Amino acid sequence: MSKQTIVLGIESSCDETACAVVAEGSDVLANSVASQIELHARFGGVVPEIASRAHIEAINTVIQQALDHSGVSPDRIAAVAIANEPGLIGSLLVGLMAAKTLAWVWDVPLVGVNHVYAHAYSAALNAGPIEYPAAALICSGGHTALYRCEGPTQMELLGSTIDDAAGEAFDKVASILHLGYPGGPAIQRAAEHGDPHAVKFPRTLLRGQSLDFSFSGLKTAVLYHVNGVPGARRHKRARKRKAGAARPNGIENLSEQDIADIAASFQAAVVDVLRIKLRRAAKHMGARTLVLGGGVSANSALRSAASELAESMRCTLRLPELRFCVDNAAMTAGLGYHYFRAGQTVPLDLTARATVRR
Ligand code: KG4
Ligand code: ZN
């Protein structure tokens with residue numbers, strides 16, 4: 001281990017306070033994450049002010065935990081990597097201040113990492129390097145975007161959502177269906193017992209060659225369907241099966257099976273769009289590899305759709321381990337290693353940025 005380059009990474013862009021220690025950009029020696037899910041659950045989404053305060057309370061503990069678990073002493077850390085963009089500004093600032101402090105005290109370089117690019121790198125953690133060029137689909141609670149990747153640090157944005165992110169749609173639909181928060185895992189569980197063809201929800205922005213996404217109409221379609229608004233579409237196979245059954249009129253009139261059918265149909269609509277756009281992006285750029293990242297890439301229906309797609313396109317598919325799909329600092333440290341090796345370190349006056357479109 002003595003010749004290895006070890007990077008400590010910090011992540012606090014949304015509702016996870018995380019610190020990780022990673023050797024050579026992929027060997028995860030420690031991955032400490034303090035989740036705030038319980039704090040935000042009763043609001044059905046992340047409350048920025050609560051998130052910032054919780055980061056302040058957790059940050060020192062996760063850093064200490066990561067160092068302890070890794071067994072690495074601070075004098076072995078070659079650089080500190082921080083996800084300084086994009087994210088909730090108050091949350092980003094907590095991690096950024098901690099990272100700057102460590103870099104200053106340990107007298108090592110600081111590396112700024114784009115959180116979304118880090119998601120696109122997470123499939124390389126504890127696995128072999130990603131073969132480039134790769135088409136990366138990043139879908140999480142805050143982002144849904146497609147990238148042309150020519151290397152871990154060479155990313156070109158091809159398209160992104162014009163309204164809700166895919167994970168945000170999962171969270172909002174789970175709230176409509178009273179399935180709890182976070183919505184992604186809850187919808188996935190409910191969908192296991194449902195019929196994905198039961199309700200024909202819209203697949204948007206498929207015309208032409210667009211690589212952008214839109215999920216807000218889909219969320220509204222689910223709301224209308226649940227509330228029995230005329231025009232909400234039920235698939236003819238399901239109509240036949242449920243002949244005579246009244247259109248749902250409010251969540252309280254839905255059976256457990258109805259909810260499972262809606263969850264499965266919604267999930268199928270999201271997965272269809274993501275699969276079609278990933279295929280389009282990969283063809284457009286001549287990718288050898290397909291990469292998934294972000295919380296929604298933990299979704300089993302999306303993982304199997306991507307696997308079939310990769311096979312049909314004769315591409316390699318790189319999926320992150322489930323624990324590296326959601327926010328973590330191992331991906332920050334892993335990608336930070338590549339910036340560090342390329343000499344792309346930053347001064348201690350680095351700022352945080354809430355939004356970045358690239
Ligand atoms: O990457 P992440 O932890 O945070 C952001 O950068 O936003 O992603 C969190 C999102 C949430 O919206 C959550 O509902 C979604 O990922 N998610 C899932 C699954 N697990 C988490 N969505 C669909 N299926 C899942 N199994
Ligand atoms: Zn994320």
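Which of the 22 residues around ligand 1 come nearest? In this predicted model, where local features need pLDDT of at least 70, side-chain atom pairs count only at pLDDT 80 or more, and totals for chains, interfaces and linings use all residues, side-chain values use heavy atoms, with hydrogens and water left out. Residues are numbered from 1 along each chain as its sequence is written, while chains are lettered from A and ligands numbered from 1 in the order in which they are written.

The residues that come nearest to ligand 1 are Gly141, Gly142, Asp171, Gly184 and Gln188 (a residue is near a molecule if one of its heavy atoms lies within 4 Å of it). Polar contacts, defined as pairs of N or O atoms within 3.5 Å, involve several side chains. A polar side-chain atom of Asp171 is placed 2.7 Å from an oxygen atom of ligand 1. For Gln188, a side-chain N or O atom is 2.9 Å from a nitrogen atom of the ligand, and for Asn299 a polar side-chain atom lies 3.0 Å from a ligand nitrogen atom. Ligand 1 taken alone exposes 550 Å², of which the protein buries 91% (accessible areas come from the Shrake-Rupley method with a 1.4 Å probe).

Two or more residues of the shell around ligand 1 come from each of α4, α5 (166-176) and α6 (183-191); helices are DSSP runs of H or I with at least four residues, strands are runs of E with at least two, and both are numbered from the N terminus. The most is given by α6, with 4 residues. By class, the shell holds 7 nonpolar, 12 polar and 3 charged residues, where Ala, Val, Leu, Ile, Met, Phe, Trp, Tyr, Cys and Pro count as nonpolar, Asp, Glu, Lys and Arg as charged, and the others, Gly among them, as polar. Domain 1 (3-126 + 323-341) and domain 2 (134-320) each supply at least three residues of this shell, the bounds being taken from an automatic or database domain assignment.

The model also contains 1 cavity of 30 Å³ or more (a set of points on a 1 Å grid over the protein atoms alone where a 1.4 Å probe fits but cannot get out, with lining residues having an atom within 4 Å of a point). The volume of the largest cavity is about 30 Å³, counted as the space filled by probe spheres set on the points, which are joined across faces, edges and corners. Its lining consists of Tyr117, Ala120, Tyr121, Tyr132, Cys149, Gly151, Pro152 and Met155. At least two lining residues come from each of α4 (115-121) and β7 (144-151), and α4 provides the largest share, 3 residues. The lining comprises 7 nonpolar residues, 1 polar residue and no charged residues. Because domain 1 and domain 2 both give residues to the lining, the largest cavity lies between them.

Conventions
1 Å grid on protein atoms, 1.4 Å probe; cavity = no way out; pocket = protein on both sides within 12 Å on 5 of 7 lines; lining within 4 Å. Polar contact = N/O pair within 3.5 Å; in protein donor to acceptor, adjacent residues only side chain to side chain.
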